[in-house]
Amino acid sequence: MSQSAATADLEGELGIPLKATLNIPPQITKPVQLLLILPQDISTDFITVASPSSSSDDKHLPGSLSTHVSSESSIRGNAARSIIVGRQASAADIRLDHKSVSRRHTALYYKHTNYQAEEEGGDGTIGSVLVVHDLGGKHGTHVDDIRLEKNGQVELPLGGGIKEHTIRFGNAPLICRVIISFAALNNDGQQSQVLQQESSGAPSEKEGEQNQQHQQNSSEDADMNATTNIIAAEKAPGTEDNSNMKKIDVRPSTRETREAQIAAMIASLDTNPVYKKYTPVDGESGITESKSIIGATSTINKINGTNNSNNNTNNMHKNNNTNNKYNLPITSSITLTPGSNSFTSSDGTNTPLQAKAAVSTLCFEPSGARLVAGHRDGTLRFYDFHGMQPSASEEEVVTYPPFRIVDSDNDPLDNTGRHVLTALGPSATGGQWIVGTTSSQPKVLDREGRTTLFSFVKGDTYVTDSSATKGHTAGVTGVAFHPLVKDICWTTGLDGSIRQWDVSGRGKTQFKNLVCQKVIGKVKNEKGQRTQVVSNLSVHPNGRKIAVGTACGSIQIWNCFGNGVNSRPLGAVYAAHGGTNKPVTFVTFNGNGERIATRSESDDTVRIWDVNRMEKGSGSFDRKFRSSRGGKEGEQPEHPPSLLLAICRGLPGLNETANCAFGPDGRVLCAGTMVDPRAAKLNNNSCGKIKFYQLPEEEKRTKKKISKESGSKSSSSSSSPKNKTTAVLDPIEEVNVAPNASVLGVQWHPKLNQIALGTS
């Protein structure tokens, strides 16, 4: 079979029409250029172009590849009627070795049509168009961010000036820029070439005004706002009238833009700096003591504290304690918005996402320079406090949008769909983020959120022993990195297992998914039966212990080291919040690891526990001191005071994401309150609050010494009095932060004294 016959059979099989052609239409001066652009951190190894272009007339960017829509660019030669993009080496003229690209994904060709260009006044001139034809791939073809229908096509007009379009093939990490160079038509239908204005020529006054207006209306990035002026002359033969001349803006290359920026920066160094003395506003001392960030679903607020400031913005409670002796970050705030209201899914259905979805998890970067918030719509929003650009909302409130929104559904390593984000944690260096969702497969992202570094394997749901599976078999509830070792992380989930993973790149993989390194333990209730881990996962500051909360109402501390599966925890307290029907939904260590704070969605308290006493008791306290009383006002708690140190009351918890946070010095604890949606409808004055509690002082512990004379043991620390009771604490400060909404998550940065909170 000849080459032309084989080509006809291939293109006929793909549904390419017989009138498709790769001959250059008369409307354009040269073949349409395809510029394949990749991110800087991705190599071009997975792209193979049959006939790359190196012409000086074409646009070129560093790290990009260029080719044309012409028969010279096809592996089938002059017999080809289209340029095929796909993964099959024997058929594709542009081969993309990416799993989201089909074997024969997209075809590009020219076609004659009765297209009436608007620039030509709709005179019905017969011309040609460039056709982008989807060949039925699973992940589709996107033209100008609009997905084509399966086996559908779009026609790009060839007329009116220089235009550019963008094409994305599936989820491949590249952008194909379609650059069309036209020949302008005069009134007699004759062609006149596009003339490029010399850089030395000065533009006219009218052209300068048009260029200035274009720069003001442009929404492109800051590094692409410089333009190259191209003038298309449209004049009748023998006349000097330039009234029909048109100016078209073409963005310069990245190198030219960077050189211009460097030149402007060097020129600014020669300018003498101007210093303006700061004059504090009346009533302010100008000395900033504390900062905090308050996060909501549709708004996130950042608070700056001053010594003598009594007025708080953003509907915050007025602070009557002007001295602020506890150094609480509650004196001022800024607002962070969740981003665009028109954000849609990336599965091709353009499903609108909830712009005001509740915050399900949030976390600071270790340095405090960034905040990442996870929402119930399956998106991560990244905020950078060093590079924020303020924007004014309709209510004339200055807000700060995220610099990046990551859709969990747009992950090439995870095709299980969109999931609610349940847990989030940074690595010790801040270079990675581990994300847990309602699926059984956590994943690790890079610092920018652009790349999924690791996706964890899913366990076998038919195996009852969770230690015999390679991954979780149910939703993930807690994730955390090792505080000292950057390549170790832990996860826990509803299957009751606590797992350790190696993210150094040396761990075992299965179908490109990371396999669990080992199982730390399997949580069980008081009777030895399997139970679920419904809380987050908190790691001791030294990285040797892990604390979790279970569905049976217990708190358990597990040892992280050892080769085998631990048969029992280091310490446990059962019915921690007054009963087995009250699951512990949140646990956290304080800064030195000597205390644990817990919270349950079934009561209105936060409880403070002694870690050393818990480990020594190994769970015997609950069996010995069990009581039906739940620690309410006027009742004796069911756990001994040496174990249960304090109860912070007045914190209704109606959601499993409710948590709390210790202050930088561990003396103060903060937590948010919930608002019943039914009560909020009846009472418009209901408001979510953040409350602060002063905790009891920690007892100084000293090692027991043996006396040489008597040989008996003596302790240098005085024994605690027999009448010691568990402290029942009321808040020392309350701040209204969320009108008609609940405070779901709280984070208190230990170094910057800043608070981040998310609301419903």
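**Figure 1. Strand S44 and its two partner strands in the predicted model.** Ile608 stands opposite Ala646 in S44. This pair belongs to the contact between strand S43 (residues 605-610) and S44, which pair in the antiparallel sense over five bridges. S44 also pairs with strand S50 (residues 727-729), here in the parallel sense and over three bridges. Strand S44 (residues 644-649) is largely enclosed by the rest of the structure, because five of its six residues are buried. The model shown in this and the following views is predicted.

**Figure 2. The antiparallel pair S33 and S36.** Strand S33 (residues 497-502) is joined to S36 by four bridges, and the two strands run antiparallel. Arg499 stands opposite Val519 in S36. Of the five residues of strand S36 (residues 518-522), four are buried, so this strand is largely enclosed by the rest of the structure. In a regular strand, side chains alternate between the two faces of the sheet.

Figure 3. Strand S37 (residues 533-539) is mostly covered, with six of its seven residues buried. Four bridges link S37 to strand S38 (residues 545-550), and the two run antiparallel. Ser538 faces Ala547 of S38 as its opposite residue. Five residues lie between the two strands of this hairpin, and Gly543 in the turn has a positive phi of about 75°.

**Figure 4. The second largest cavity.** A search of the whole structure finds four cavities of 30 Å³ or more. The second largest cavity has a volume of about 40 Å³. Its lining consists of Ser466, Asp495, Gly496, Lys522, Val523, Arg530 and Thr531. Sorted by class, the lining of this cavity has one nonpolar, three polar and three charged residues. Rolling a probe the size of a water molecule over the atoms shows where empty space is left.

**Figure 5. Two asparagine residues with positive phi.** Most residues other than glycine have a negative phi. Asn151 has a positive phi of about 60° although it is not a glycine. Asn151 is found in the loop between strand S9 (146-147) and strand S10 (153-157). With a relative accessible area of 47%, Asn151 is partly exposed. Asn753, likewise not a glycine, has a positive phi of about 55°. The loop that holds Asn753 runs between strand S52 (743-748) and strand S53 (755-759). Asn753 is buried, because its relative accessible area of 10% is under the 20% limit.

**Figure 6. The surroundings of His142.** His142 lies in strand S8 (residues 141-143). A relative accessible area of 8% places His142 among the buried residues. Leaving aside residues up to four places away in sequence, His142 touches Arg147, Thr166, Ile167, Arg168 and Gly170.

Figure 7. Thr44 has its place in the loop between strand S1 (33-37) and S2. At 29% relative accessibility, Thr44 counts as partly exposed. Not counting residues up to four places away in sequence, Thr44 touches Leu38, Gly63 and Leu65. Thr44 and Leu96 are 52 residues apart along the chain, and their C-alpha atoms are separated by 9.6 Å. Asp57 is placed in the loop between strand S2 (47-49) and strand S3 (65-68). Asp57 counts as exposed, because its relative accessibility of 59% is over the 50% limit. Between the C-alpha atoms of Asp57 and Lys30 the separation is 9.6 Å, with the two residues 27 residues apart along the chain.

**Figure 8. The whole protein chain, as context for the close-up views.** The protein chain contains six helices and 53 strands. Of its 760 residues, 48% count as buried. Among contacts between residues at least 6 apart in sequence, 57% join residues at least 24 apart. The protein chain exposes about 38000 Å², and carbon and sulfur atoms supply 47% of this area.

Key: Residues numbered from 1 in each chain as written. Predicted model: local features only at pLDDT ≥ 70, side-chain atom pairs only at ≥ 80, totals over all residues. Heavy atoms only, no water. 1 Å grid on protein atoms, 1.4 Å probe; cavity = no way out; pocket = protein on both sides within 12 Å on 5 of 7 lines; lining within 4 Å. Points joined across faces, edges and corners; volume = space filled by probe spheres on them. Nonpolar A, V, L, I, M, F, W, Y, C, P; charged D, E, K, R; others polar. Buried < 20%, exposed > 50% of the residue type's maximum accessible area, 1.4 Å probe, protein only. Pairing = 2+ DSSP bridges. Contact = heavy atoms within 4.5 Å. Areas by Shrake-Rupley, 256 points an atom, 1.4 Å probe, with all protein chains shown as cover.
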